[in-house]
Amino acid sequence: MYGNRCSFWKASLFALGLFGLLHSKQLTGVLDDCFCDIESIDVFNNFKIYPHIRKLMERDFFRYYKVNLKRPCPFWPDDGQCFIKDCHVEPCPESKVPVGIKSGNYNKYSQTSSSSSDVRECEQAHELGAVNNTLSNQSKEAFADWAHHDDAQDHFCGLDDEMSPDAEYVDLLLNPERYTGYKGPSAWRVWNSIYEENCFKPRSVYRPLNPLAPCRGDDDGEGFYTWLEGLCLEKRVFYRLISGLHSSINIHLCAEYLLDEGWGKSVWGPNLHEFRRRFDPAETKGEGTRRLKNLYFLYLIELRALTKVTPYFERSFINLYTGNTQEDSSTKDLLLQVLNETKSFPMHFDESSMFAGHKTESKTLKEEFRLHFKNISRIMDCVGCSKCRLWGTLQTQGLGTALRILFSEKEIKSLPENSPSKGFQLTRQEIVALLNGFARLSTSIKELHNFRTLLKDQR
Ligand code: FAD
């Protein structure tokens, strides 16, 4: 079955003249732990998904993310505030945030209430009251249940403290993820603690080229890969997701590198040398290729989650509310267009093979998986660079939401058509993180294509 589908995608690749280019690289072929190949993902992402998701992330609903960047690190004393200029995050003044977004989670049911785009800020309190008044008693009850349920649900990330006085809205378009200069022991400590303490790994097994390992990163990884291959699928998947996220973050900093600061103007663009240092198989003892494959794997997982959550958004009462009726409806159309594109991908990851063993055993494993992931989201509070912390937090929350979706298949299948469900709900923050997180992966894959072209030109 997959063979035929692959042939279709390969034929498209030939038509686009890309096949030769891709095959001249070592990053090619079938991915481990799933029925999919890299070339198919490239074509699908770069031509179908990326152009649309990029546009979607420019919409007001998706560009404002509320985050507390002042939460202290719960695991070790803070290394001190990061004073690197490019780590700075400019919070968005409340007055600039669309009124519908500021009004909180109620907005999901407010389609019939507030519709004017020019509601004055001072009317906001009144506006909130109006939202509640338009809800039927049944919906109100359902909402109360839902809010209660939200607190109890098995979230994969620590619930973000949106209500904290330290939480602020950030305009993601004005604070793009790019090179910041955050590096060295502080950054290594965070990555190390994510891998060492949360990837089910015994301390005696070291990751290849780990700068904090006693053998100073000279290890060729034999011991590590023997250990990894011996793991059950679920634990292997966990490591690969984290490594994929790590790759994606590092691709962005290579693609949006500070190239020049002359005349008071910063110039950002791709740094091929930095990219090769991190991903060239020759410079990384083959690790670069493995890391990039993990990025593709993570992409597939999140793609699968988007497909699975489509019925949630297809319901007419789900509104991506900002207070501007016209914009909200076109944002929803664009979102559904992206989600429907994801459905057309023929080689999705099959998550039913995960947690499919003995019932008690797989339940324990799933819980372990969830707790490890939750811990990682807390480690993000130890990142000593605000910009890196912002995007690290958002992407971790996005991945956590994707995992929650994948393990809520039953609940999503039985969603009521016209009212919220006790079984499965997404908060605005989760939706923003899910889509922006996926957009980051989509951009990474597109950037990889650009780097390949640059490498080819250089040759
Ligand atoms: P690091 O990326 O720090 O990696 C440490 C070690 O881990 C490497 O030596 C290698 O052995 C191993 N490793 C590297 N990649 C992988 C992988 N994909 N899979 C498995 N193992 C791997 N910097 C920015 O400029 N902008 C940002 O937005 C940004 N965001 C960050 C977000 C977070 C959450 C963190 C922890 C760091 C962030 N950084 C950011 C820093 C950046 O990721 C690197 O840590 C930094 O550039 C130093 O890189 P390095 O080459 O020393 O290796």
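**Note on the predicted model**

1. Overall burial. In this predicted model, 56% of the 459 residues of the chain count as buried, where buried means under 20% relative accessible area, exposed means over 50%, and partly exposed lies in between, with a 1.4 Å probe and protein chains only. The accessible surface of the chain comes to about 20,700 Å², and carbon and sulfur atoms account for 52% of that surface. Accessible areas come from the Shrake-Rupley method with a 1.4 Å probe; for residues, only the protein chains shown count as cover.

2. Basis of the values. Residues are numbered from 1 along each chain as its sequence is written, and side-chain values use heavy atoms, with hydrogens and water left out. Because the model is predicted, local features need pLDDT of at least 70 and side-chain atom pairs count only at pLDDT 80 or more, while totals for chains, interfaces and linings use all residues.

3. Secondary structure and contacts. The chain has 17 helices and four strands; helices (H or I, at least four residues) and strands (E, at least two) are DSSP runs, numbered from the N terminus. Of the contacts in the chain with a separation of 6 or more, 78% are between residues 24 or more positions apart. A contact here means heavy atoms within 4.5 Å.

4. The β1 and β2 pair. Strand β1 (residues 64-67) and strand β2 (residues 168-171) run antiparallel and are joined by four bridges; two strands pair if DSSP finds at least two bridges between them. Y64 stands opposite D171 in β2. In a regular strand the side chains alternate between the two faces of the sheet. Both faces of β1 are covered, with Y64 and K66 buried on one side and Y65 and V67 buried on the other.

5. The β3 and β4 hairpin. Strand β3 (residues 257-260) runs antiparallel to strand β4 (residues 267-269), and three bridges join them. L258 has W268 in β4 as its bridge partner. Six residues lie between the two strands of this hairpin, and W263 in the turn has a positive phi of about 55°.

6. A further backbone angle to check. Most residues other than glycine have a negative phi, and most peptide bonds are trans. K285 is not a glycine, yet has a positive phi of about 50°. K285 lies in the loop between α11 (272-279) and α12 (287-314).

7. The ligand site. There are 30 residues around the ligand, and T180, W188, S243, H246 and N250 come nearest; a residue is near a molecule if one of its heavy atoms lies within 4 Å of it. A polar side-chain atom of S243 lies 2.6 Å from a nitrogen atom of the ligand. A polar backbone atom of R178 is 2.8 Å from a nitrogen atom of the ligand, and a polar backbone atom of T180 is 2.8 Å from an oxygen atom of the ligand. The protein covers 94% of the 940 Å² of accessible area that the ligand has on its own.

8. T180. This residue is in the loop between β2 and α8. T180 counts as buried because its relative accessibility is 7%. The side chain of T180 reaches the backbone nitrogen of Y182 at 3.1 Å. Not counting residues up to four places away in sequence, T180 touches I84, D86, C87, C385, K387 and C388.

9. V190. Helix α8 (residues 185-198) contains V190, which is buried with a relative accessible area of 5%. Leaving aside neighbours within four places in sequence, V190 is in contact with W76, Y182, I379, C382 and V383. V190 and C382 are 192 residues apart along the chain, but their C-alpha atoms are separated by 6.8 Å.

10. Helix α15. Of the 21 residues of α15, 19 are buried, so the helix is largely enclosed by the rest of the structure. The end C-alpha atoms of α15 (residues 386-406) are 30 Å apart, which agrees with the 30 Å that its 21 residues should span at 1.5 Å a residue. The expected span is 1.5 Å times one less than the number of residues in the helix.

11. Helix α17 and S442. α17 is mostly covered, with 24 of its 31 residues buried. S442 lies in α17 (residues 428-458) and, at 0% relative accessibility, counts as buried. The side chains of S442 and N45 are joined by a polar contact of 2.7 Å; a polar contact is a pair of N or O atoms within 3.5 Å, and within protein one must be able to donate a hydrogen and the other to accept it, with residues adjacent in sequence counting only if both atoms are side-chain atoms.
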